[in-house]
Amino acid sequence: MNFFLMASSSSNIFIFLFMLVNFCYLSVQETHSLKPLKPTFNHFDSVSFPLTSSPLTKNSPNSKNTFLSSVVSSPKKATSSSSPTYNFKASFKYSMALIVSIPIGTPPQPQQMVLDTGSQLSWIQCKKEPKKTPPKSPFNPSLSSTFSVLPCTHPMCKPRIPDFSLPTTCDQQRLCHYSYFYADGTLAEGNLVREKFELSNSQSTPPLILGCAAESGEAEGILGMNLGRLSFVSQAKVHRFSYCVPNRQHKSKNLPTGTFYLGKNPNSNKFQYIDLLTFPRSRQMPNMDPLAYTVGLVGIKIGGKRLNISRKVFLPDAGGSGQTIIDSGTQYTFLVEDAYNKVREEVVRLVGKKLKKGYVYGGALDMCFDQNNLEEIGGMIGDMVFEFDKGVEILVNKDRLIDDMGEGVHCFGMGRSQSLGVASNIIGNFHQQNLWVEFDVANRRVGLGKADCRKSG
């Protein structure tokens, strides 16, 4: 989805960012706010950012409305025989995000990237000064024979981006330059480049457009996996991909390892599938992200009780508010007001006496506890179930409802979307633990399958 992702430092405080995006250098004096960052917590540092799907020129056949309708209403299935068939498997570390190592360049240099189904443009950290030996991180462009930088004459650098009023310009080297300025003063900037992803000794992608960040305080890059035309999925013509988020143990010092597939998943015969939602071309929905993986959530159960929430709450209204997406780049789950209030009412009814009174963690999570006996609290609440179309469910076991925030604070892993300044329902990776999630892009559907993700492969 069109969000940022940045975790706070050890202070465990939300950082709500605003982005200035342009593919050339942007004036620092002018600011344009977008939707805030994806919330994560504790020590993880990473950033993801949206990229508009608007046309390159006013007369482009991919006008904004045309592109929206082609993606949302009647997309072409990726079934061309000329499209590549990927068979790539990798492990990833699960902290507050899914951190996968991808070999990039020729010869390949492994790069740590956050697997983010809510972002479009991928970017990596790049080394300023050339060195003779490849660094572990960041990427060293001088060591790759397939690396190239987009010049100012490239179409991506010439037009204005319609969602922003700032014109595009070039940097002093006449190269395509981008800059991101965040509310906390963080700056991420660099050049748009082309580079290959080396998935194996026998298979690589063609050169793809991605960001090469020369200035950023973030430890990892972003692997943008949404439906946008500049995402890794679209540029590399990925038909399907999947991941399995392992269960994170509260007291374990070691990060658990999950599994990521590009291409066919050998476990998919056990998956249950739900269709991605489509919308009429005529609908203008300014509050909706058309590039996200939008699904039909129909209800929520807690402790076996189906909450009295109208299905309309989980579907986009005339303005796009109420969209429900599955997002690997957001840590927790966030619901629109009508849905969240019903969930909170039930939790208060079950364990209200144990809640920290008047306490809100990070400005977003307001169901928190001081007790270390999470099993007792979870047992009082019971399992939680997200119900989707076709009877498909995500079961969140009672021992995975509450997360350890540190310093003796534990919170129910759900908050209000309003606290993020958005009007969407977002199912984050915390509630995707021990679950295969497959994005079948070619057939516009999402597959879900129960698994022990520490052992799945």
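Predicted model: local features only at pLDDT ≥ 70, side-chain atom pairs only at ≥ 80, totals over all residues.

Tutor: Residues are numbered from 1 along each chain as its sequence is written, and side-chain values use heavy atoms, with hydrogens and water left out.

Let's start with strand 27, residues 445-450. Strands here are DSSP runs of E with at least two residues, helices are runs of H or I with at least four, and both are numbered from the N terminus. Two strands pair if DSSP finds at least two bridges between them. Strand 27 pairs with strand 26 (residues 435-440) in the antiparallel sense, over six bridges. Within that pairing, Phe439 stands opposite Val446 of strand 27. Four residues lie between the two strands of this hairpin, and Arg444 takes a positive phi near 50° there. Strand 27 also pairs with strand 14 (residues 272-275), again antiparallel, over four bridges; Gln272 has Leu448 of strand 27 as its bridge partner.

Now for the helices. Val347, Leu350 and Val351 of helix 3 meet Ile377, Met380 and Ile381 of helix 4, where contact means heavy atoms within 4.5 Å. By class, that contact has six nonpolar residues, no polar and no charged ones, with Ala, Val, Leu, Ile, Met, Phe, Trp, Tyr, Cys and Pro counted as nonpolar, Asp, Glu, Lys and Arg as charged, and the others, Gly among them, as polar.
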